[in-house]
Amino acid sequence: MLIPKSFRLGRKKYKIERHANSNRVRGTIVPEGKRIKIFDAVRGIPRADIDVAATFWHEVTHAILWDMDHPRWKDEAFVVAFSKRLNQVVHTAKLED
């Protein structure tokens, strides 16, 4: 999956920043600054494209919940469960058989 450089959510435009390496996290969101950071490697170990895509959808889930002013926007267990399913839908969707 290609990771976009930006997307719109409501009236806000989020910028996606790709970074080569992180010492501990795969991605992070700064909702007030409308930025998502995605790391292509963690502790020097490159990540598979599908894992990077999963991180993108994970951070997008945080952004959507934050935009909705939903109290679970920081609930990692909920965000992991939801974004895992969202990533599966995106990667298995077919327009026609």
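The legends below concern a predicted model, in which local features need pLDDT of at least 70 and side-chain atom pairs count only at pLDDT 80 or more, while totals for chains, interfaces and linings use all residues. Residues are numbered from 1 along each chain as its sequence is written, and side-chain values use heavy atoms, with hydrogens and water left out.

**View 1. The open sheet of 4 strands.**
The strand order is β1-β2-β4-β3, with mixed pairing. The edge strands, each pairing on one side only, are β1 (6–9) and β3 (27–30). From one strand to the next, the twist averages 20°. Strands (E, at least two residues) and helices (H or I, at least four residues) are DSSP runs numbered from the N terminus, and two strands pair if DSSP finds at least two bridges between them. Strands of a sheet pair through backbone hydrogen bonds, either parallel or antiparallel.

**View 2. Strand β2 and its two neighbours.**
Strand β2 comprises residues 12–19 and pairs with β1 in the antiparallel sense over 4 bridges. Within this pairing, Lys12 of β2 is the bridge partner of Leu9. The strands β2 and β4 run parallel and are joined by 5 bridges. Ile16 stands opposite Ile36 in β4.

β3 and β4 pair in the antiparallel sense over 4 bridges. Thr28 stands opposite Lys37 in β4, and the bridge partner of Ile29 in β4 is Ile36. The hairpin has 4 residues between the strands. Lys34 is placed in the loop between β3 and β4, and its phi is near 55°, a positive value in a residue other than glycine. Lys34 counts as partly exposed because its relative accessibility is 30%; the classes are buried under 20% relative accessible area, exposed over 50% and partly exposed in between, with a 1.4 Å probe and protein chains only.

**View 3. Surroundings of Arg35.**
Arg35 lies in strand β4 and counts as partly exposed, because its relative accessibility is 27%. Leaving aside residues up to four places away in sequence, Arg35 touches Tyr14, Lys15, Glu17, Thr28, Ile29 and Val30, where contact means heavy atoms within 4.5 Å. Arg35 and Ile16 are 19 residues apart along the chain, and their C-alpha atoms are separated by 6.0 Å.

**View 4. Helix α1 and the largest nonpolar core.**
Helix α1 (residues 49–67) lies across β1, β2, β3 and β4 (35–39), and runs at about 160° to β4. Such angles run from 0 to 180 degrees between N-to-C directions, with axes taken as lines fitted to C-alpha atoms, for helices over the stretch in contact. The largest nonpolar core has 17 residues, and those with the most contacts inside it are Phe7, Tyr14, Ile16, Ile36 and Phe56. A nonpolar core is a set of buried Ala, Val, Leu, Ile, Met, Phe, Trp, Tyr and Cys residues joined through side-chain atoms within 4.5 Å. Two or more residues are given to this core by each of β1, β2, β4 and α1, and α1 gives the most, with 7 residues. Phe7 touches Lys12, Lys13, Tyr14, Ile16, Ile36, Phe56 and Val60, not counting residues up to four places away in sequence.

**View 5. The largest pocket.**
The largest pocket has a volume of about 430 Å³. Of the 16 residues that line this pocket, Arg26, Ala54, Thr55, His58 and Val80 lie nearest its centre. The elements giving two or more residues to the lining are β3, α1 and α2 (76–92), and the largest share, 6 residues, comes from α2. On a 1 Å grid over the protein atoms alone, a pocket is an open set of points where a 1.4 Å probe fits, with protein on both sides within 12 Å along at least five of seven lines; lining residues have an atom within 4 Å of a point. Grid points are joined across faces, edges and corners, and the volume is the space filled by probe spheres set on the points.

Val89 lies in helix α2 and counts as exposed, because its relative accessibility is 53%. Val89 and Leu9 are 80 residues apart in sequence and 20 Å apart in space, C-alpha to C-alpha. Arg43 is placed in the loop between β5 (41–42) and β6 (45–46). Although Arg43 is not a glycine, it has a positive phi of about 55°. Arg43 is exposed, with a relative accessible area of 58%.
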